[in-house]
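Thanks, everyone. Please bring up the model, and let's walk through it together.

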Amino acid sequence: MALAQQASPPPILIVLDTTLVAPRTSTGAAPPESSLPLTFFDVFWLNLPPVKRVFFYHLADDADVPAILSNLRTSLSQALHAYYPLAGRLRLTPGTADCYEIYYQQGDGVTFTVAEYRDDVDVDELAVDQPREITRIAPLAPPLPKGGAVLALQATVMRRGVAIGMAVHHTACDGATSTRFLHTWAAASTGVVGPPPPVIDRTLIKDPTGLYDVFVKAMPTAGELDRVKTWEHRFLATFTLSKDDIQRVKDVVASEAARRGAPATRCSSLVATFGFMWSCHQRAKEAGSTGGDPTYLLFPVDHRSRMKPTVPGEYLGNCVGIATHAAPMDQLAAAGAGGLFVACTAVAAAIEEAVRGIGSPETIALWMHRVREAGVAGMWTVAGSPRFRVYELDFGFGRPAKVEIVSVARTGAMAVAEGRSSRGGIEVGISLPAAGMQRFQKCFQDTIDWLHQ
C-alpha cells in the first residue's frame, strides 16, 4: 500500500501549561550551586542536536488525568534532586576560550510542558509499528529551551493515553545516564525503590594526554552527523526481530563462515540485529547506491566497565566510545547468506576493535578521524540500546505501549530497544521517505521469509 504524503498540517498540539520544575527533596531542600566540567567524552557531542524520545502509555477510561500530571511534576522534582546537573545550563566556563561546563545554581530547573493532541487522536493510532508521518509524532518531544538547557520534558494528553516526551543534550549525558534518570523519575512517581543515585564526579574520567583539547578542536559539526536535511516528509516505523529470528541469523552466519573457510564470527544478538538491519538498509537504497565502494556502520560502545580504572555504572555523563567498520556496498546488499555474513562480520570486527582500544589515548584520538572518514564515504548510525530497559518505565499507569527515538528522523540513525512483544527480541526504529520505507519493508520481509523457509 502506498504511503500517502500530505501537505504541511496545522499545529497538532495545544499547549496547556509550561512550568519550570526545580530539583527538590520531599522537604523542599535544593542542591547547592555546582559546576560540572565537560570531559573529552562529553565535548564530542557539543554541536549535535538533542536526542528525543517519546513514550506512549495507555490510560484507563476513568483515569484522573490532572492527578497524573500533578504527580509527574512532583516526582520529577524529586528525581532531579539526584540528577541536579540536568537542571543546569551548558555554558563556556568564564575566563576560558574553549572549556565548557554544566553550571547549576538554585532556581534552575527543567521545563515541563503539558499539551493536548488535537482532533481527538487515540493513542493506538500513534503507538504502532506501521509507518507514520514523523510530523505526527515529533512534536510530542519538546524542543530544548534556549540559553543552554540540557533537558526538557513534555506530557501530551490524548484519547485513552498520554505521551511522555524527552529532549536531552548528548553533551550532558549518554543514553545510559538519561534512561537511568527516567527510571529514577518513574520510581519516584510510583513510590518504589529506584536505581542507585548517580555518581557525579568528572575526575573519574582520566585525561593525562589532553584528549579534551584534541576533541574540542576537531569535534564534528551538526552538519557532519546530522545526515538528514529535509526530515519533515519522512515516515517512522518499527521492525522487530524475535529471539528465533536472531538465532536464525546467527546460524546462517556460522554456516556461511564454515562454507567460506573463514574464522567464526562472534555473532551476539546485537551483532546479528545490527548486521541484519544494515544489510537490508543497504539493499533498500536506490539503484546506484550499491557499488563496491565502502560504507560504514557507526555505533556507541559503553566504556564504563572497561576503563582503567573502571568507571561506576552510575556515572553521570558520557562514557561511550565509537565503534565503526566498513563493508563493500555491493557485498553488504547481497540477498541471503552473503549479505548477512558480510554485515555481521563487519559489526563484530567494529566491536572487537573498539573494545581492544579502550583506555588507549592513541586509539581514542582516532575517533574524530574515523567519524569523518565514515561521513565522507557514507555511514549509518545507531541510537539506543536493548540494555536501557525502556519498556520497564512505569510511572504508575503501566508500562509503555510504544517507545520511539524520534530524533532519528533528523540523524537518519536506527533506534534500538528491547523487544516489547517477545522476550529476547530486539526492535529497531527506522525513518525514511515514503519510497525508501516501502523498499525497506520489502527487503526486511523478504529476508525474514528467507530465514524461515
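Is Phe239 buried or exposed? Phe239 counts as buried, because its relative accessibility is 8%; buried means under 20% relative accessible area, exposed over 50%, partly exposed in between, with a 1.4 Å probe and protein chains only.

Some ground rules. This is a predicted model: local features need pLDDT of at least 70, side-chain atom pairs count only at pLDDT 80 or more, and totals for chains, interfaces and linings use all residues. Residues are numbered from 1 along each chain as its sequence is written, and side-chain values use heavy atoms, with hydrogens and water left out.

Now the sheet. Six strands make an open, mixed sheet, ordered E1-E6-E8-E9-E3-E14. Strands here are DSSP runs of E, at least two residues; helices are runs of H or I, at least four; both are numbered from the N terminus. Two strands pair if DSSP finds at least two bridges between them. Strand E1 (13–21) and strand E14 (402–405) are the edges: each has a single partner strand, so one side of each has no neighbour in the sheet. On average, neighbouring strands are turned by 15° against each other, direction ignored. E1 pairs with strand E6 (residues 110–117) in the antiparallel sense, over eight bridges. Within E6, Phe112 is the bridge partner of Thr19.

Next, the helices. Helix H2 (residues 65–82) packs on the sheet and touches E1, E6, strand E8 (151–158) and strand E9 (161–168). Contact means heavy atoms within 4.5 Å. The direction of H2 makes about 160° with that of E6. Axes are lines fitted to C-alpha atoms, for helices over the stretch in contact, and angles run from 0 to 180 degrees between N-to-C directions. Helix H4 (residues 175–190) lies across strand E3 (51–58), E6, E8 and E9, at about 140° to E9.

On to aromatics. Rings of Phe, Tyr and Trp (its six-membered ring) pair if their centres lie within 6.5 Å; planes under 30 degrees apart are stacked, over 60 edge-to-face, the rest tilted. That rule gives 17 aromatic pairs. Take Phe112 and Trp185: centres 6.4 Å apart, planes at 85°, so edge-to-face. Phe112 sits in strand E6 and Trp185 in helix H4, 73 residues apart. Phe112 is buried at 0%, and Trp185 is buried at 0% too.

Phe440 is buried, at 0%.
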